[in-house]
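This report goes through one structure, element by element. Please keep the sequence and the model open while reading.

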Amino acid sequence: MGLRRRLLSVLLAVMGTAAVLAAPQAAAAIEPSRSVTGYFTDTPLPSPADTFQRLKSGESARSIGLTGGTGKATASAVHRTGPEGVRGVQHNVTVGEPVPPAGLAPRVVDDPQRTMTLAECKAHTANDASMWIASRFAMCESRWFAAEWSVNGKVVGFTQMTVSAIATVPAADSREIYFDYYFSDFYAAGTNAIDATLVGADPNYVTAPDNIALTQGGLDPGPRSVAQIKADPHFMVSRRAEPGQGLAPDDGVWAIWNMKFEPQWPAPWVETNPLAEWKFSSFGLRWDNSSYLPNYKPADVLHTGGASLSYNMSPLRYSTAATAEEQAVALHIEKAFTQPAGTQPVNPSKHVLGQSASKPLHRLQKGISQTHLNRYNANRREAVKVCTAVDPEYASKGLQCDEYPFASTYEGSARSIYEPGTPANNFSALAVDGGQNGKAGNQLAAYYDKSRIIDGENDEFYVVIIS
């Protein structure tokens with residue numbers, strides 16, 4: 001029996017040692033499960049603190065508005081211009097309206113906005129629009145990035161920050177497009193590891209023509225922790241397309257610029273949402289070296305032409321105010337918009353184009369070729385026929401024949417001749433004061449130059465009548 005007792009003692013000792021060795025493994029097996037779910041939204045949440053409380057109470061992220069989708073924005077959509085492949089519709093966009101200097105009547109804006117502050121961007125994207133377009137040379141977007149932090153399936157923390165991107169072309173004689181990115185409105189509550197989270201920037205673009213390399217300026221930062229971002233919340237990159245590689249006749253290059261921010265959550269936090277990146281919408285870009293637009297320098301191959309954002313914004317604005325030097329033309333176009341059946345030539349189903357961004361006009365530059373000049377002259381000829389039929393003596397009275405759509409557009413008076421199948425007599429012609437007609441023509445020419453409107457189907461514009 002003594003031997004049995006000794007063997008039993010040895011066995012119990014071995015079992016005790018095994019239990020001690022196994023204890024750390026058992027402790028590791030019951031380590032709490034830590035998960036994080038990332039979201040983005042293009043409409044700001046009413047209150048991050050309220051969002052945190054609602055998530056802790058069990059309300060779903062979707063019901064709160066954390067879907068990573070387009071949110072509940074109600075602003076309209078705009079179209080990018082350019083060849084197929086770089087066009088597209090962008091939603092949740094608001095567009096700037098002119099603010100005339102004190103004491104002056106509203107009129108066409110000859111100098112589009114070219115700069116934008118972070119405060120301006122955030123003020124215009126704070127409600128129901130993620131994108132704000134001040135002009136063809138200044139626009140911005142804001143997105144709200146959030147994360148829900150959970151332990152064993154229970155929400156224990158919530159974080160959020162705003163990221164704003166401002167795209168500008170500050171100089172009219174430059175091909176450089178700047179992108180300023182700002183991080184702001186940091187919020188963190190409960191248990192989280194947001195300061196240790198790395199955020200990497202991943203810019204990319206597609207071009208038309210294909211595979212054009214854009215020259216880079218500024219700095220694309222590598223992954224930075226949110227703590228580092230808080231200390232330095234701004235970075236800038238720029239891109240330019242060199243002249244001589246675009247599409248004829250304007251040496252046009254188009255691009256879609258994208259930026260993604262990719263969070264890398266620190267261990268032991270594990271991402272549970274398939275959303276592995278925070279995306280921005282796409283900025284549409286364009287470069288041209290048009291011989292009929294400002295800054296054309298054939299002898300300076302590096303600094304010729306200009307850049308813009310490829311949207312059919314901003315519109316040409318004419319004013320009906322009594323003090324407006326283009327009033328007669330503005331009143332004519334207003335009637336063509338609102339009472340088309342009451343204009344000449346007679347056409348009960350008349351609906352002229354160019355009243356909105358969805359039904360735009362396209363510039364016809366008569367100096368490009370003889371074919372362009374012929375079509376421009378045909379537009380004028382068809383309009384003059386109408387004015388002469390109404391009053392053969394109008395010219396002797398100091399009047400000029402005004403036509404809408406403009407003779408310098410493909411939608412002008414002769415469109416049905418050059419494009420069979422389009423409606424005939426879908427224009428308006430009216431004899432108006434010659435001086436005011438000339439002023440309106442000068443404003444149109446200035447608008448073409450200042451907004452860098454190029455010939456043909458790859459660019460668009462429309463007209464707004466203001467009082």
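## Strand 12 and its partners

Strand 12 pairs with strand 14 (residues 278-279) in the antiparallel sense, over two bridges. Strands here are DSSP E runs of at least two residues, helices are H or I runs of at least four, and both are numbered from the N terminus. Two strands count as paired if DSSP finds at least two bridges between them. In strand 14, Trp-278 is the bridge partner of Phe-261. The model is predicted, with local features needing pLDDT of at least 70 and side-chain atom pairs counting only at pLDDT 80 or more, while totals for chains, interfaces and linings use all residues. Residues are numbered from 1 along each chain as its sequence is written, and side-chain values use heavy atoms, with hydrogens and water left out.

Strand 12 also pairs with strand 15 (residues 283-288), again antiparallel, over five bridges; there Ile-256 has Gly-284 of strand 15 as its bridge partner. Strand 8 (residues 198-208) runs antiparallel to strand 12 and is joined to it by 11 bridges. Strand 12 covers residues 253-264, and nine of its 12 residues are buried, so the strand is largely enclosed by the rest of the structure. Buried means under 20% relative accessible area, exposed means over 50%, and partly exposed lies in between (1.4 Å probe, protein chains only).

Pro-203 lies in strand 8 and stands opposite Met-259 of strand 12. Apart from neighbours within four places in sequence, Pro-203 is in contact with Asp-220, Arg-239, Trp-257, Asn-258 and Met-259. Contact means heavy atoms within 4.5 Å.

## Nonpolar cores

The largest nonpolar core has 49 residues, and those with the most contacts inside it are Phe-179, Tyr-181, Phe-261, Phe-283, Leu-285 and Trp-287. Apart from it lies another core, of 21 residues, among them Ala-330, Ile-333, Leu-361 and Ile-453. A nonpolar core is a set of buried Ala, Val, Leu, Ile, Met, Phe, Trp, Tyr and Cys residues joined through side-chain atoms within 4.5 Å.

Helix 2 (residues 48-56) has Thr-51, Phe-52 and Leu-55 buried. These residues cover an arc of only 100° around the axis, which puts them on the same side of helix 2. The arc is that of the directions from the helix axis to the C-beta atoms. Their cover includes helix 3 (61-64), strand 5 (138-151), strand 6 (154-168) and strand 7 (177-190). Gly-58 follows helix 2 and has a positive phi, near 105°.

In helix 6 (residues 327-338), the buried residues are Ala-328, Val-329, Ala-330, His-332, Ile-333, Ala-336 and Phe-337. They pack against strand 17 (316-319), strand 18 (399-404), strand 19 (428-433), helix 9 (434-450) and strand 20 (463-466). At 1.5 Å a residue, the 12 residues of helix 6 should span 16 Å, which agrees with the 16 Å between its end C-alpha atoms. The expected span is 1.5 Å times one less than the number of residues in the helix.

## Val-270

Val-270 is in strand 13 (residues 270-271) and, at 48% relative accessibility, counts as partly exposed. Leaving aside neighbours within four places in sequence, Val-270 is in contact with Arg-34, Ser-35 and Val-36. The C-alpha atoms of Val-270 and Val-36 are separated by 5.9 Å, although these residues are 234 apart along the chain.

## Disulfides

The structure holds two disulfides, a disulfide being a pair of cysteine sulfur atoms within 2.5 Å. Cys-121 and Cys-140 form one, with sulfur atoms 2.3 Å apart. Cys-121 lies in helix 4 (residues 118-124) and Cys-140 in strand 5, so the pair ties together parts that are 19 residues apart in sequence. The torsion about their S-S bond is about 100°, so this disulfide is right-handed. Cys-121 counts as buried, at 0% relative accessibility, and Cys-140 counts as buried, also at 0%.

Cys-387 and Cys-401 form a disulfide with sulfur atoms 2.1 Å apart. Cys-387 lies in helix 7 (residues 370-390) and Cys-401 in strand 18, so this pair ties together parts that are 14 residues apart in sequence. With 75° about the S-S bond, the link of Cys-387 and Cys-401 is right-handed, and both cysteines are buried. Counting bonded cysteines along the chain, the disulfides follow the pattern 1-2, 3-4.
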